[in-house]
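Subject: Structure for you to look at

Hello,

Please find the structure below. Have it open while you read the notes that follow.

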Amino acid sequence: MIADRITEKLNILADAAKYDVSCASSGSKRKNENKGLGNASNGICHSYTEDGRCVSLLKILLTNHCIFDCAYCVSRKNNDIKRAAFTVQEVVDLTINFYRRNYIEGLFLSSGIFKDADYTMERLVRIAKKLRTEHNFNGYIHLKSIPGASDELMREAGMYADRLSVNLEMPTEAGLKLLAPDKNRQDMIDPMNFLKNEIILRTEEKKLFKKAPLFAPAGQSTQVIIGATPESDQQVLQSANYFYKNFNLKRVYYSGYVPVLADKRLPALNTTVPMVRENRLYQADWLMRFYGFNVNEIVNNEQPLLDLDIDPKLSWAIRNMQAFPIDINKADIQLILRVPGIGMLSAQKIVSARKFAKLSLDQLKKIGVAINRARYFIVCKSNEFERRDLTGQNIKQFILAESQSKYIRNTQSQLSLF
Amino acid sequence: MYTLVYDGTFEGLLTAVFEIYERKLFHVKLIKGEWRSTAMFEEVVPVVTDDERANRVLAGLRKKLSRAGIQRLYIAHMAEMENEENAIVGFIRYVFDSDQNIEEDYGNKYVMRLSEIIKMVRREKHRMEAFVRFQKLKDETFYSAVEPDFNVLPLLIRHFKSRYADQKWIIYDIKRGYGIYYDLHDTQYISLDFTDVKNAGNVITAFSEDEGIYQHLWKNYFTSVNIVARKNTKLHLRHIPKRYWRHLTEKI
């Protein structure tokens, strides 16, 4: 029966796509036109799997047939698994029907490389084109840029997709050479560079002509696998910083390596997924993108690894006690954002509220500040602020002693750089 | 201490504010309910909703709040949270008692509480935008049953109307007994009679032919994308609390 065959394909091709962690469906501004189907704007997580990750897009591979043999990938050529491939129409039908039931925000389509890069990319583009032109579908589409695909196809992809991404796979070129000898980092950078320039060009065009078509309005992202190769957090974050700065990437995703294959180049099969480290990397990433931190403030030669037991902002703060205390009622918002326990929203509320009256510790707590961390680093209207002359290490111990970290049970150490 | 009893409407609440100022009732408690005439509770004051008085209060608020501020006030009331009238009235009184616009004075307890209420309502609205699961019926209408914590259906219209412009749909709040119906042109509020169907969430007999197949595919997809090695039940439950499960196709 046809339904059974589709179910089997879906199971195989969703399972193979799940290690790509990109899930964003935000950042686009595609409107529903001419009473068509869907729109893409602010991003919605429609469900969450039992591992706590969000399900926002129908994330599938077009096929898991692949000519490459990358050690970390379940779909590698020499892995003995079931193979399957969707037809263009099958992907279109699944997307439309899932979307109409409000299961998803759109489609995330990736693929194993069959035949060659252009042949694969051409099929991905064809699906996006069909959804947009034949079905008037305005939901979110994220396409993988296949390394080595021609500029012409990349340009077409940008016409239909909201976001495009090329996975760098390993944080450094050396890591990639080790695990994916068939792949070449330059092949990944080329389409990224092409799209960057094209996006800049189209954005200029859009400023002049309002009717100019959208071109990848949600920009580009990439993913690096963490813990499969021995890079330090410093190398990972510096690489991320380089791509943010030079390729205008919207996001870099960090994917903790899940041991799926036995290979002497890889961590053993029973290795736990480095979930804490992954979480700390995302926190550091946020500090770089939204909190005005320079990558070297977070990791540097003296501090190449992120603390696993405390967050990177707190870690920075206790290494830089000379920057504190910060006066909540006077300091610039950029400085307030550097206080551990104060997030973006709290900082904005503080700056609004203090125009009316000076704020006390109680009020800060109500506003949403994590007082247990912030109180060592601020002065405010209350008299109960910290008076002792504490060292960074003291503060770390106090905070750890009174907090029940969700990570204490499964703290694990990083691979050491030998 | 006086207890004001009002009819639960926004106009009623504004009328109550009018009474407070006119009769100088400064220690008051506002409750929603029906007024029963009884001499036993002398300090209970019934509020008779009066559009003219309500409009005067609203006009006063407009002078002192931004448009967004007025809207937030309206949303907070419409959500029908239990016993939050006093926070809303407290906020309004703080607005009138101040010389400047106080809507960002988060150091004030009423402003902060209103901000918390709005945050809860917005989260519930966002959850509904995520958790609505349409089921395609034989007449091509897409039907969904929901049970939101607060009354957020009116806030959903814009989102669903612009997204699903080319299909008929119904979102039905079982808890509050009303729904929104979009007929390809406009939306209207409706009330359905479920007497011949035992459970309003279950309309299986009216499913279109392919509905079962897509539900099955979606459940399969949901299972396939899970990474067992990363199991994190606590996080899972924080994102989808159990009370939402019975209307989620993938969790049934």
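How many bridges join strand β6 (residues 168-173) of chain B to strand β7 (residues 178-182) of chain B, and do the two run parallel or antiparallel? Five bridges join β6(B) to β7(B), and the two strands run antiparallel. Strands here, like helices, are DSSP runs numbered from the N terminus, with at least two residues (E) for a strand and at least four (H or I) for a helix. Two strands pair if DSSP finds at least two bridges between them.

Before going further, some notes on the model. This is a predicted model, in which local features need pLDDT of at least 70 and side-chain atom pairs count only at pLDDT 80 or more, while totals for chains, interfaces and linings use all residues. Residues are numbered from 1 along each chain as its sequence is written, and chains are lettered from A and ligands numbered from 1 in the order in which they are written.

Back to the strands. The bridge partner of B:Tyr172 is B:Gly179 in β7(B). Four residues lie between β6(B) and β7(B), which form a hairpin, and B:Gly177 in that turn has a positive phi of about 70°. A further hairpin, also with four residues between its strands, is formed by β7(B) and β8(B); in its turn B:Leu184 has a positive phi of about 85°. Four bridges join β7(B) to β8 (residues 187-190) of chain B, running antiparallel, and B:Gly179 stands opposite B:Ile190.

Chain B also has an open sheet of three strands in the order β2-β1-β3, with parallel pairing. The edge strands are β2 (28-32) and β3 (44-46), each with a single partner strand, so one side of each has no neighbour in the sheet. On average, neighbouring strands of this sheet are turned by 30° against each other, direction ignored. Five bridges join β1 (residues 2-6) of chain B to β2(B), and B:Thr3 stands opposite B:Lys29 in β2(B). Helix α1(B) lies across β1, β2 and β3 of chain B, at about 150° to β1(B). Such angles run from 0 to 180 degrees between N-to-C directions, and axes are lines fitted to C-alpha atoms, for helices over the stretch in contact.

Next, helix α3 (residues 67-78) of chain B. Its twelve residues should span 16 Å at 1.5 Å a residue, and its end C-alpha atoms are 17 Å apart, which agrees. The expected span is 1.5 Å times one less than the number of residues. Buried residues in α3(B) are B:Arg72, B:Leu73, B:Ile75, B:Ala76 and B:His77. A residue is buried if 20 or more other C-beta atoms, placed from the backbone, lie within 10 Å of its own, exposed if 12 or fewer, and partly exposed in between. The cover over these residues includes α1 (10-22), α4 (85-97), α5 (109-131) and α6 (153-163) of chain B. Just after α3(B), B:Glu80 takes a positive phi of about 60°.

As a whole, chain B has eight helices and eight strands. Of its 252 residues, 32% are buried.

Last, the two chains together. In chain A, 44 residues are in contact with 40 residues of chain B, contact being C-beta atoms, placed from the backbone, within 7 Å. The largest share of the side of chain A that touches chain B, seven residues, comes from α1(A).

Regards

Methods
Contact = placed C-beta atoms within 7 Å.
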